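Subject: Structure for you to look at

Hello,

Here is the structure I promised you. Please open it and keep it beside this email as you read.

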Amino acid sequence: MGKAIGIDLGTTYSVAAIVENRRVHIIQNAEGDRLTPSVYAENADGRIMVGAIARNQASVNPNRTVSSVKRLMGSNARIPVNGRSLSPQEISAHILRKIKVDARRQLGEDISQAVITVPAYFSDAQRRATQEAGKMAGFEIMRIISEPTAAALAYGMNRSDIQHILVWDLGGGTFDVSILEVGDGLFHVRAVNGNTRLGGDDWDARLISHLKQQILHIHDLDIESNACAFQQVKEACERVKRELSVQNESHIFLPLTSGPHHDAIEIEMTISRDVFENLTQDLLNMLIPPTRQALEDAALTPADMDRVILVGGATRMPAVRYLVETLFQQSPDTHLNPDEVVAMGAAIQAGVLNGSVRDVILIDVTPLSLGIETQGGLFTRLISRNTTIPVSAERIFTNAEDNQTVMDFNVLQGEREMAGDNISLGSFELTDIPMLPRGKAHVEVMFEIDVNGILQVSAQELHTGESAGIKIDAVHLLSGDQIDQAVAEAAVHAETDIQRRREIETSIQTNRLIQAAETLLFGTVHRLSKASRREIHMAISAAKTALVSGQFEAMIQTAQGLTIVLNRL
Ligand code: AMP
């Protein structure tokens, strides 16, 4: 019996998965990533590029780069590339071929059979085109299934009693609602609706325009007039959006160059989840009408929904989850990675069809969040709770002190905001960090959990390549009760924990501002007028007094005062 895989052929990303030893695994691509950008490109000589390599060169080779081809599937469109004209199927076949080649490399044998998913609203022509693309790529297509059905399969919803399941799929550019009726292993799509012009990218756009206004106000710079700076702001906004899914605040620090003399400006800003949610409230509300329409079409009410499942990266935003609670009076099912759940379901279907899946499938997830202790005793997450394994994540940290040659890493597991309230799994030291001013050493911390749940944490200083690490076997050793207790405790303490985190982050920020102001004061003393110096002095000492008093509001006020004084210079 050959192996069969499941493929989520997505608009922006594609994902492949397989069932082996009763477990579903995401198949990593040749670049070591779990998601493959659905992008095709050719260079001037006709050399073909697919995936991240194609996406990364898109801005410099736009005429020979094709993305989002899924939107054209089933149409008669021809896409001109390098003087030839390609069909959407041909482009999709290239993406599927890469998946096939990468799967062979990863699994050590040729994979000929596959189940591919399509949106529930895809017509016959669109499904046929998808099947054709699969055949062109050399697959035997066992079945084309709907994405919401695949998600429901991954959540183990092929039970015998009848259930109604609502699936919200909010990706980068589209929103789909599906209502399924499931029972006796049969999946019936009762209604579909959505908005093809609403996705996570719109949330980014709101942050971008917020930043644009702030930068115009503070630095008198129109960020859109500088393509490179604008790109940096765009990327920063997407990162902020992601961080605000797990934290209450996100910091932006962007050194930009602008103007004819390439003047350096530094953008430093903190955006809170509250501000983000206010900026995007109307986008969130746009999820409601298609949902109501789908319920009406299925002749069902919110109370009839037995489960709500979330698919698509943008459903990680807490506001989306709260909205589910408000509309359906129940928490959504979110314990699987929303980017991967469709491919996982497709893999399960592939396994059922080729006979390798006969009983319950186990899906391993990280039971609690994993991260490290950072400045001020805070817990900084690298891998969130309920992420499917294997998984890896990395993040760059800088030195908190001038000339800090040693960094300690305390590896933690838990849901609380303060490191001390979580469980320490072990610690290690990175030594021989070059003597550099605060914030200038760059240390990449990498967390990797393999299929057996073994966690490897490493840290590498990027200037010297010096590295250190630790291997931890204990990620799974907590009992179910201990995990439940950790989650429940985090919920009980959420408000005070978040307040504490805010206070610490504010004091770190205030401290940074004081140091920056002092550097400016002493470094440019000859350029500043006496009045300016006095003003900075007073603002610094007000901020220092607030810092010593530990009063949160005073810290915020004096830090703002200091920022205003510095911006006026
Ligand atoms: P998809 O099309 O399903 O890959 O979804 C991609 C969208 O999800 C993009 O807009 C991402 O920025 C967004 N996204 C991914 N991860 C997160 C996250 N942690 N929080 C908020 N949005 C996210």
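First, the ground rules. This is a predicted model, where local features need pLDDT of at least 70, side-chain atom pairs count only at pLDDT 80 or more, and totals for chains, interfaces and linings use all residues. Residues are numbered from 1 along each chain as its sequence is written, and side-chain values use heavy atoms, with hydrogens and water left out.

Helices (H or I, at least four residues) and strands (E, at least two) are DSSP runs, numbered from the N terminus. Two strands pair if DSSP finds at least two bridges between them. Strands of a sheet pair through backbone hydrogen bonds, either parallel or antiparallel.

Four strands make an open sheet here, in the order β20-β23-β24-β25, with antiparallel pairing. The edges are β20 (391–398) and β25; each has a single partner strand, so one side of each has no neighbour in the sheet. From one strand to the next, the twist averages 15 degrees. For such angles, axes are lines fitted to C-alpha atoms (for helices over the stretch in contact), and the angles run from 0 to 180 degrees between N-to-C directions.

Now look at β24 (residues 455–461). Which of its side chains are buried? Leu455, Val457, Ala459 and Glu461 point to one face and are buried. Buried means under 20% relative accessible area, exposed means over 50%, and partly exposed is in between (1.4 Å probe, protein chains only).

Strand β24 has neighbours on both sides in the strand order β20-β23-β24-β25. Seven bridges join β23 (residues 442–449) to β24. Valine 443 stands opposite glutamate 461 in β24, and glutamate 444 stands opposite glutamine 460. Six bridges join β24 to β25 (residues 467–472). There, serine 458 has glycine 469 as its bridge partner. β24 and β25 form a hairpin with five residues between them. Glycine 465, in the turn, has a positive phi of about 80 degrees.

Five bridges pair β18 (residues 370–374) with β19.

Find arginine 381 in β19 (residues 378–383). Its bridge partner is glycine 371. Is arginine 381 buried or exposed? Arginine 381 is buried, because its relative accessible area is 14%. Its side chain makes a polar contact with the side chain of serine 369, at 3.2 Å. A polar contact is a pair of N or O atoms within 3.5 Å; within protein, one must be able to donate a hydrogen and the other to accept it, and residues adjacent in sequence count only if both atoms are side-chain atoms. Leaving out residues up to four places away in sequence, arginine 381 touches several residues, among them Val246, Arg395, Glu415 and Glu417. Contact means heavy atoms within 4.5 Å.

**Helix α10**

The buried residues of α10 (residues 318–328) include Ala319, Val320, Leu323 and Leu327. What covers the buried residues includes β12 (163–170), α7 (273–279) and β17 (307–311). Glutamine 329 follows α10, with a positive phi near 55 degrees.

**Salt bridges**

Side chains of opposite charge can pair when their charged atoms come close. A salt bridge is a side-chain nitrogen of Lys or Arg within 4 Å of a carboxyl oxygen of Asp or Glu. How many salt bridges are there by this rule? The count comes to 26.

Glutamate 31 pairs with lysine 98, with the closest N and O atoms 3.1 Å apart. Glutamate 31 lies in the loop between β3 (23–26) and β4 (36–37) and lysine 98 in helix α2 (residues 88–107), so the pair ties together parts 67 residues apart in sequence. Glutamate 31 is partly exposed at 39%, whereas lysine 98 is buried at 11%.

Arginine 206 and aspartate 282 meet at 2.7 Å, N to O. Arginine 206 is in helix α5 (residues 200–219) and aspartate 282 in helix α8 (residues 281–285), so this pair ties together parts 76 residues apart in sequence.

Best wishes
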